[in-house]
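Please read them with the structure open.

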Amino acid sequence: MKNEMMSRFLDIYGGDASDVRMFVSPGRVNMIGEHTDYNGGFVFPAALEHASHILVRKTDSGKIRLAATDLPDRVELDINNLGAYKDLRWGNYQAGVAYVLQNHGYEICSCDILYHDTVPLGAGLSSSAAIEVVMALTLATFSNEAKGITAPVDMIEMAKLSQEAEIIYCGVNCGIMDQFASAMGKKDNAIFLDCKTLEFQYVPLVLNGYKIIVGNTKKKRGLADSKYNERRAECESALKQLQIAYPEADCLRAISVEQFEESKHLITNEVERRRAEHVVYECDRVLKSIDALTAGDLPAFGRLMTASHISLRDLYEVTGLNLDVMVEESLKIEGCIGSRMTGAGFGGCTVSIVADDAVETFIQEVSKNYKERTGFDGEFYISSACDGGHEVK
Ligand code: GLA
């Protein structure tokens, strides 16, 4: 792939390959812990082999020029006017990252960039976080070099700045999970992350005798961004009401299941009560999942995943027909021990745990039945956890 990308790069920008560098940052699949990150809760994502790749060369043009292997768009960002590109159809994520890094004191250098993305777009596998984090890593690497800083780029900082770009530049009030997973992923591990403190722990995700299957419903996350911000506001409102009983609770995650059951009547709006119930119980499910995996009890983990889906369907209401049908069909297959939607919802992907010897049947049957019931051609990826953002030397 690098060779093909390189010849594209040289076609577009000229010159030779000697001063072109490559950076990469992956998409993610969240195993469990959905819509908890912006509530200070727990998540459990893993980085995927699907990734955003950059070939890049420093220049002295005063511009960041952007191209992508799969798009006709060519974008030029003036590095002295980085606030001006919020409305770009493509390139706004990159501009947002450059803008935020500059505001945080990074020296943004001119460069020519070619993107090659293998994270399916709008599929809930964090294609945008992958684009942001690889951009942040590239620009921060150049900035450090310009300033003579030899320490490696702080990837947690890159995750935070990428999230900030998505919020202030692109208008999606997202949590930290996607950018953190893209920046900090580790081969064969998922990340148990506390989104309030950013304390984290790698948990081995090599599942003896089982595979992780990501199912793409191919239904794009149409309404996701506006509905996403709406869910976030509902959670904030629910929290305010629970604070009457627990004034010290600064986020929904700070409320235990028991406390929630005692005080949920304080949430007067029934919809907001259901949203909060999902978040409180989902945080608890993440903790139970880590215990189950640590104890080697994969079936228990699978059951928690399925319970997570049901809660996202009935309480948080972010699934929709395509995700529900795919999960339902997945769970009908013998050897599938857990299945759920992953990511923001409203379309996008599911994640399932499937016994090795059932994988083939699973893909065949679920594809067929999903197509029959929805008319959509699903797509399935056998996934393993990969490393987070880095330079490819
Ligand atoms: C999107 C957001 C994340 C997270 C998930 C839902 O992927 O970017 O921050 O909130 O939705 O868990």
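1. Where is Phe346 found? Phe346 sits in the loop between strand E10 (336-342) and E11. Helices (H or I, at least four residues) and strands (E, at least two) are DSSP runs, numbered from the N terminus. Phe346 is not a glycine, yet has a positive phi of about 60 degrees. Most residues other than glycine have a negative phi. Phe346 is buried, with a relative accessible area of 14%. Buried means under 20% relative accessible area, exposed over 50%, and partly exposed in between (1.4 Å probe, protein chains only).

2. Ground rules. This is a predicted model, in which local features need pLDDT of at least 70 and side-chain atom pairs count only at pLDDT 80 or more, while totals for chains, interfaces and linings use all residues. Residues are numbered from 1 along each chain as its sequence is written, and side-chain values use heavy atoms, with hydrogens and water left out.

3. His35 is a residue other than glycine, and its phi is near 60 degrees. His35 lies in the loop between strand E1 (21-30) and strand E2 (42-43). His35 is buried, at 4% relative accessible area.

4. The largest pocket. It holds about 790 Å³ of space. Its lining has 37 residues, and the closest to its centre are Tyr93, Gly122, Ser127, Ser128 and Arg221. Helix H2 (92-103), helix H3 (127-147), helix H5 (177-184) and helix H6 (224-242) are the elements that give two or more residues to this lining. On the method: a 1 Å grid is laid over the protein atoms alone, and a pocket is an open set of points where a 1.4 Å probe fits, with protein on both sides within 12 Å along at least five of seven lines; lining residues have an atom within 4 Å of a point. Grid points are joined across faces, edges and corners, and a volume is the space filled by probe spheres set on the points.

5. Its make-up and place. By class, the lining of the largest pocket has 15 nonpolar, twelve polar and ten charged residues. Here Ala, Val, Leu, Ile, Met, Phe, Trp, Tyr, Cys and Pro count as nonpolar, Asp, Glu, Lys and Arg as charged, and the others, Gly among them, as polar. The largest pocket lies between domain 1 (2-203 + 387-392) and domain 2 (207-383), because both give residues to its lining. The domain bounds come from an automatic or database domain assignment.

6. Helix H5. Eight of the eight residues of H5 are buried, so this helix is largely enclosed by the rest of the structure. Among the buried residues of H5 are Asp178, Gln179 and Ser182.

7. The second largest pocket. About 210 Å³ of space lies in it. Of its 13 lining residues, Pro204, Val206, Leu207, Leu293 and Gly296 are the closest to its centre. Strand E8 (200-204) and helix H8 (270-294) are the elements that give two or more residues to the lining. By class, that lining has eight nonpolar, four polar and one charged residues.

8. The nonpolar cores. A nonpolar core is a set of buried Ala, Val, Leu, Ile, Met, Phe, Trp, Tyr and Cys residues joined through side-chain atoms within 4.5 Å. The largest has 58 residues, of which Met31, Phe44, Leu205, Phe301 and Ile353 touch the most other members. H8 gives the most to this core, with eight residues. Both domain 1 (2-203 + 387-392) and domain 2 (207-383) supply residues, so this core lies between them. A second, separate core has 50 residues, including Val75, Tyr85, Ala98 and Ile131.

9. His278, in helix H8, counts as buried at 0% relative accessibility. A polar contact (a pair of N or O atoms within 3.5 Å, one able to donate a hydrogen and the other to accept it; residues adjacent in sequence count only if both atoms are side-chain atoms) of 2.6 Å joins the side chains of His278 and Ser311. Gln241, in helix H6, counts as buried at 13% relative accessibility. The side chains of Gln241 and Glu272 make a polar contact of 3.1 Å.
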